[in-house]
Amino acid sequence: MGNKSKSKHRPGPSVVDLVELVRGHLRRGQGEEALENLRAAEAKLRQATQAPGQSPGKKISIPPHLVAAQNALPDLFARARLILARQEAEPRRKVEHLREAAARVPRDGRIALALVAARMMAGEKDAAAADFRRAAELLPSGGGLAARTLAMAALASGRPIEAKEALERVSPEERDAGWQRLATIVGLLGGLDARIEGVRESFPLLTGVEHLARGDRDAALRQFASSLAQDRQPTEAEAALLTTELFYAGAIRFEAGEDEAALSSLSEVLWIASSYRWRLPWMSRLTALGHTAANRLAPTNPSLSLKWWEAVARHFPDDPVARTNQALGLRARAIKAGIDGDFETCAKSWDEILLANPQNEEALKNLALAREKCGRPAEAIDAWRRLDRLWQQQFKQRAVESGFKERWLTLGHHIVKLLLDTGQPVSEVVDQLEAMLRHDPENLDLRRQAFDRLIEIELPERALKHLDKIEQQDGRNANTVVRRAVALADADRWKEAMSHFEEAIALDPGNQSFRRAFLLFLDREVSASLDRRNIQRAIDLLNRQLALDGAYFPAYGQLAGIKLSAGEYGEGKKLLEKIAEVVPDKWEIRIGIAKVYLQFDFAKDAARHFEFAVSLSDSFSCLEAIGKTYLEFDLPGKAVKYFDRAAEKADVEQLVELSNLMVDEGRRKDANRYLAMAKKADPLHPLPWLSDTLFLLEKRGAFLPGSAAYRKAQAALETAAKLTDANPAYQKYLEPIQAIRDEMKKSPVDRMIELLDRMEVGDDWEQDDDDFPNEFDSEPPFIPPPTRGKQRRR
Amino acid sequence: MDEIHHREDPYEILEIAAGATEAEIKQAYFAKVRRHPPESDPEGFKRIRAAYEILRSAQQRAELDLFQFDRRVAALDPSQLARPEVEAPKISTATIKEDLLAIEALFLFEDVASDIFRTER
């Protein structure tokens, strides 16, 4: 739509546009981008100046703007190449760029000079001299730069006097810092005859070198050190000068046998040099010096040596000495750290070694150990498992190796132990055990462990397979039979389980744990039978239980229940009394018996057993349990009698518990009574006031913020809050208090809806008048100011 | 894990390598006992005996090998270190000259390049 007028082929930027783009790139130092656009411009120009179908060489008319562009291209190409040469660290590649530049602008004397300089850096003295001759032809008037280039070329070719003469021809106005420096060098390297009058500047490097030449190493060192304390951002060349000084300082120390000082200097040199784009001749000597010093230092200061190797490996990844020695140094550091107790360093070092060689056995073992020592067992398991997998792969070849199998088994057991200690899934333990069994299938202990764990995670069929193998190896006995019975029971193969249990008991009648296991199995079967209403089977199984253990009271209880349900009250009661006979001294059992009696409306018998329970234990727990039992059977009056007795022994929290029970029963008066007792028992305890608040909030009237119930609830809450603040021991009530506050901030309608949601069918609102105000109301207590600790702000 | 980190190393006491066979362990033990008989060196004999008991028990030896940092492993054996192919040359007039000229070439290059970019064509 509306695009019909647009051409399908976009023409792209014109030659002029491209040239403008290139100028922008050059201003921003973007050599590659500039080159790319220059090539595009060149191609377009070629197309424009050679019409299709024409024979080559035929003249065509070129528009002026294209002519201008065509004329500009060589210089732009040269500048792009110059930028790239500047950015290039490697001297030979610098030379390549500048050769390309010189090819584009063969008449540019300065490009030629730049090429000479690059060749000097690359050590191409002869080519430099040839290029200089060309440059000299192009710059006949000379100038400072040309003179310096000539002097350098001469000096490099061993002609210091010619160098001196070239420099002397430079007019005083042009004798800049570069001239001064080169003049100093000429004098230094060329001897007295090459010294030039009027050389003013002293350069620390050159002065230091002068001292070196005289054999005064200390003075040289002092000179180098003095210039290093610079506080400015050097240019690339200045940085080269400074770093060279540092290098010489390091080299002097190296030659003096001061390896530590030498290595420190050389490390710094390496670090600085890596951030610049130059390559100087001494850099090839740097690593040789450093490696020699590091090797000499390694026995006494391995960490410094290791730092050196790491630094070299980082900057020169292909350096074989650094690579090999770094690995050795890392190992040494790891071992030393382990022995010295620096387990974090130990773990880190071994981990680093494993990056290069993930199957390094020594590293895996030590890494795992170190991680355990650092208190990181889960990470240790990972390393141990890697070692375990490695040894499993090697098992066939190494099984004959002395101690290998024992080490591997010990490792496996250790992994199992760690898995269990760290709460890992039992399935992982099983996997570990089964992996060990693959290589050690005759190991009965492992099999038994595997069996037990599989039972634990309810995989009985898999467990049975191990049991089969155990029996094949070790024969069948009572232990294997009962294990099989347990597995079969878990697999719901109850008939087989039953017969195996019977067999196990027959083989070892005195074994109590067998009996226990059988009894538990029969319990399950009894429940299943009762669920299926197979009463006779349940009775048979219960009798079997009693045959196994005449004091097994749950069986009596179940039988009694069956008999009573069938109307056989005499039999039923007899069985219940038998329980009391068999377990005479447990009040819980008496309450259980009483409960059964209550189920069948034998209230007097129940009461008798309840009292017997109390005679065994006149404790809050017992009395409360009795009360709760009565509540279960909807006998609140009787329940309260026992709760009253319990209340006499209760502490505050227990009294509040009783109060809550009464609220659940709808017995507000009793609830208030117990709450009042709680408040009296400990007036400074916040819990009763908190409960009070909750009770009050459930009143119908409490939905309206202005209502008396609401205000009272608020007052109770504030009392609870103040009591909580006054005693750090009650910090746990801060959260519920805040929760209630938040609740009370909700709109009345929301609160009402929430309460309605919570109410069950048949429930009714708390009447406003019910116990409100209640006869047990009390004034808030006097709260003493806090004696210690900060008050928690709400 | 059996903590035997701080005890003496049985391998060190018997002066044998970690991978020693049972026969080698026995041999080393007897050799040591000959040098430290109980009558003349009861303490030494006790140490040697204790070391031997650990190493001849497959289980204890396995635990030792697995759960202890090996103190005997040479921290850094200088003889194993790789050496540079070429020896580091000493500072000499030739090396100084080479370095100075290279730095000068760098300065010159920078100055020429700056000069070119300073002037507009």
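**Basis of the values**

In this predicted model, local features need pLDDT of at least 70 and side-chain atom pairs count only at pLDDT 80 or more, whereas totals for chains, interfaces and linings use all residues; side-chain values use heavy atoms, with hydrogens and water left out. Residues are numbered from 1 along each chain as its sequence is written, and chains are lettered from A, with ligands numbered from 1, in the order in which they are written.

**The two chains**

Chain A contains 39 helices and 0 strands, and chain B contains 5 helices and 0 strands. Helices (H or I, at least four residues) and strands (E, at least two) are DSSP runs, numbered from the N terminus. The elements of chain B, read from the N terminus, run α-α-α-α-α.

The table lists overall values for each chain. Buried residues are those under 20% relative accessible area, exposed ones are over 50%, and partly exposed ones lie in between (1.4 Å probe, protein chains only). Accessible areas come from the Shrake-Rupley method with a 1.4 Å probe, and for residues only the protein chains shown count as cover.

| Chain | Residues and buried share | Accessible surface | Carbon and sulfur share of surface |
|---|---|---|---|
| Chain A | 794 residues, 47% buried | about 39,900 Å² | 50% |
| Chain B | 121 residues, 45% buried | about 6,800 Å² | 51% |

A contact means heavy atoms within 4.5 Å. Among the contacts in chain A between residues at least 6 apart in sequence, 53% join residues at least 24 apart. In chain B, residues 24 or more positions apart account for 58% of the contacts with a separation of 6 or more.

**Helix pairs in chain A**

Two helix pairs of chain A are described here. Axes are lines fitted to C-alpha atoms, for helices over the stretch in contact, and angles run from 0 to 180 degrees between N-to-C directions. Angles under 35 degrees count as roughly parallel, over 145 as roughly antiparallel, 65 to 115 as roughly perpendicular and the rest as oblique.

Helix α5 (residues 109-121) of chain A packs against helix α7 (residues 144-156) of chain A at an angle of about 30 degrees, and their axes are 10 Å apart. The angle makes α5(A) roughly parallel to α7(A). Their crossing is left-handed; that term applies if the near helix is turned anticlockwise from the far one by less than a right angle, and right-handed applies if clockwise. On the α5(A) side, L113(A), V116(A) and M120(A) meet L145(A), A146(A), T149(A), M152(A), A153(A) and A156(A) of α7(A). By class, this contact of α5(A) with α7(A) holds 8 nonpolar residues, 1 polar residue and no charged residues. In this scheme Ala, Val, Leu, Ile, Met, Phe, Trp, Tyr, Cys and Pro count as nonpolar, Asp, Glu, Lys and Arg as charged, and the others, Gly among them, as polar.

Helix α35 (residues 668-681) of chain A and helix α36 (residues 687-697) of chain A pack at about 155 degrees, with axes 9 Å apart. The two helices, α35(A) and α36(A), are therefore roughly antiparallel to each other. The crossing of α35(A) and α36(A) is left-handed. R668(A), L675(A), A678(A) and K679(A) of α35(A) meet P688(A), W689(A), S691(A), D692(A) and F695(A) of α36(A). The contact of α35(A) with α36(A) comprises 5 nonpolar, 1 polar and 3 charged residues.

**Buried residues within helices**

H97(A) lies in helix α4 (residues 91-104) of chain A and is buried, with a relative accessible area of 14%. Leaving aside residues up to four places away in sequence, H97(A) touches R81(A), L84(A) and A85(A).

E434(A), in helix α21 (residues 426-439) of chain A, counts as buried at 17% relative accessibility. With residues up to four places away in sequence again not counted, E434(A) touches L454(A), R462(A) and H466(A).

**Residues in loops**

Most residues other than glycine have a negative phi. R533(A), which is not a glycine, has a positive phi near 60 degrees. This residue, R533(A), is in the loop between α26 (512-531) and α27 (535-548) of chain A, and counts as exposed at 70% relative accessibility.

E15(B) is likewise not a glycine and has a positive phi of about 60 degrees. The loop that holds E15(B) lies between α1 (10-14) and α2 (22-35) of chain B, and E15(B) counts as exposed at 56% relative accessibility.

N477(A) is found in the loop between α23 (460-474) and α24 (478-490) of chain A and is partly exposed, with a relative accessible area of 28%. N477(A) and L507(A) are 30 residues apart in sequence and 7.8 Å apart in space, C-alpha to C-alpha.
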